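Subject: Structure handover and notes

Dear colleague,

Please find below the structure I promised to pass on, followed by my notes on what turned up in it.

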Amino acid sequence: MLRRPRRNRRNAAIRGMAEEVQLSPRHLIQPIFLVEGEGQREEIPSLPGSFRLSADEALKEVENCLELGLFNFIMFPKIPESHKDKRGNYSFADENFYLQAARQLKERFSEICLISDVALDPYSVDGHDGVVYDGKILNDETLHVLQKMGVAQAQAGFDLLGPSDMMDGRVEALRIALDENGYTDTGIMSYTAKYASAFYGPFRDALDSAPVEDDDIPKDKKTYQMNPANRREAILEGELDTVEGADFLMVKPALHYLDVILSMKQHFELPIAAYHVSGECAMLMAACQNGWLDYETAMPETLLSLHRAGADAIITYFAKDFARRYAEGKV
Ligand code: PBG
């Protein structure tokens with residue numbers, strides 16, 4: 001045999017030289033679920049190891065993460081019912097606790113990258129990412145709200161805006177609004193290919209943000225989030241986001257869409273982000289808690305597979321666990 005690939009797997013030193021990709025905490029983005037108030041730290045039942053935090057606790061959390069070499073954070077608010085309405089007005093209100101927390105985080109830790117969530121669902125009584133009227137999600141009306149929300153977030157100090165709503169034209173609308181208001185350095189990590197997925201369940205539990213049950217309200221997000229059957233459509237979305245001014249293109253979910261991540265990586269020069277979503281993390285955790293899989297090896301392999309497929313940046317609820325093991329030299 002002239003070719004014996006096993007020769008390059010003979011020992012750890014050789015395997016090290018032949019290794020194609022390495023994952024480190026600098027690629028990872030830690031999600032933070034933010035609640036109003038003080039001293040709050042409640043674990044999310046369907047997402048063990050993730051917590052809903054008030055701003056003071058979020059500050060401690062970020063400090064711990066920095067010690068582990070995690071510098072990137074994406075923050076989502078859980079908005080009390082009393083602040084919700086049909087048009088998401090609280091999302092850009094001065095007293096908004098999410099914006100205030102962002103300001104505190106960036107004042108205290110200027111070195112971090114803080115990513116926002118731009119969408120109506122946390123603020124909407126209907127639980128949809130856009131304005132609902134007559135049983136429909138209105139695209140262009142929603143863009144006006146997103147612009148106000150985005151500018152308020154830039155003003156609060158977010159480094160990157162994360163439009164997760166899947167309205168057409170939102171990246172351009174945000175870019176124009178940011179530039180007009182002088183926020184030319186605020187970037188956009190666009191949820192380019194966000195699918196109407198079954199794997200967002202634990203996240204919606206965490207934030208209580210699922211579409212409400214009502215005959216006049218669409219019960220799913222299929223008229224704006226993408227059909228899980230489509231890969232080429234992700235390229236169309238990527239082309240639009242690129243010309244509209246996005247700085248990162250995201251695929252979401254991640255693990256069930258590795259082919260989409262690879263296609264995007266091959267098609268575009270912009271960095272690719274992947275959102276390893278709540279349900280995908282919960283699946284692995286449940287198997288590990290049952291003793292069916294080994295967390296110590298399955299967790300890093302999972303994250304590595306996302307990086308190998310082409311994800312430069314990975315949003316994952318495992319970020320801290322990975323970073324801890326990385327710091328200990330275990331992964
Ligand atoms: C909504 C949003 C969702 C997630 C991030 N932003 C849920 C949804 O679209 O219903 C899901 C993330 C996860 O499951 O981890 N703007």
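Arg 41, Glu 61 and Lys 320 are linked in a network of salt bridges, a salt bridge being a side-chain nitrogen of Lys or Arg within 4 Å of a carboxyl oxygen of Asp or Glu. Please keep in mind that this is a predicted model, in which local features need pLDDT of at least 70 and side-chain atom pairs count only at pLDDT 80 or more, while totals for chains, interfaces and linings use all residues. Residues are numbered from 1 along each chain as its sequence is written, and side-chain values use heavy atoms, with hydrogens and water left out.

Over the whole structure, the search finds 17 salt bridges. In one of them, Arg 108 pairs with Glu 63, and the closest N and O atoms are 3.3 Å apart. Since Arg 108 lies in helix α3 (residues 97-108) and Glu 63 in helix α2 (residues 55-67), this pair ties together parts that are 45 residues apart in sequence; helices (H or I, at least four residues) and strands (E, at least two) are DSSP runs, numbered from the N terminus. Arg 108 counts as partly exposed at 45% relative accessibility, and Glu 63 counts as partly exposed at 35%, where buried means under 20% relative accessible area, exposed over 50% and partly exposed in between (1.4 Å probe, protein chains only).

Asp 159 forms a salt bridge with Lys 106, with 2.9 Å between the closest N and O atoms. Asp 159 lies in the loop between α4 (139-156) and β8, and Lys 106 in helix α3, so this pair ties together parts that are 53 residues apart in sequence. Asp 159 is partly exposed, with a relative accessible area of 26%, whereas Lys 106 counts as buried at 14% relative accessibility.

A further salt bridge joins Arg 175 to Asp 179, the closest N and O atoms being 2.8 Å apart. Arg 175 and Asp 179 are four residues apart in helix α5 and are therefore separated by about one helical turn. Arg 175 is buried, with a relative accessible area of 14%, while Asp 179 is partly exposed at 37%. The C-alpha atoms of Asp 179 and Val 151, which are 28 residues apart along the chain, are separated by 9.4 Å.

Turning to the aromatic side chains, the count comes to 13 aromatic pairs, under the rule that rings of Phe, Tyr and Trp (its six-membered ring) pair if their centres lie within 6.5 Å, with planes under 30 degrees apart counted as stacked, over 60 as edge-to-face and the rest as tilted. The rings of Phe 76 and Phe 203 have centres 5.0 Å apart and planes at 90°, so this pair is edge-to-face. The pair links distant parts of the chain, with Phe 76 in strand β4 (residues 72-77) and Phe 203 in helix α6 (residues 201-207), 127 residues apart. Phe 76 and Phe 203 are both buried. Phe 33, Phe 76, Tyr 191, Phe 203, Tyr 275 and Tyr 317 form one aromatic cluster.

Two backbone features deserve a note. Most residues other than glycine have a negative phi, and most peptide bonds are trans. Met 166, although not a glycine, has a positive phi of about 65°; this residue is found in the loop between β8 (160-161) and α5 (170-180), and at 5% relative accessibility Met 166 counts as buried. A cis peptide bond, with omega about -10°, joins Lys 252 and Pro 253, and Pro 253 is found in the loop between β10 (248-252) and α8 (258-267).

Asp 134 also has a positive phi, of about 55°, although it is not a glycine. Asp 134 lies in the loop between β6 (131-133) and β7 (136-138), and at 70% relative accessibility Asp 134 counts as exposed.

With kind regards
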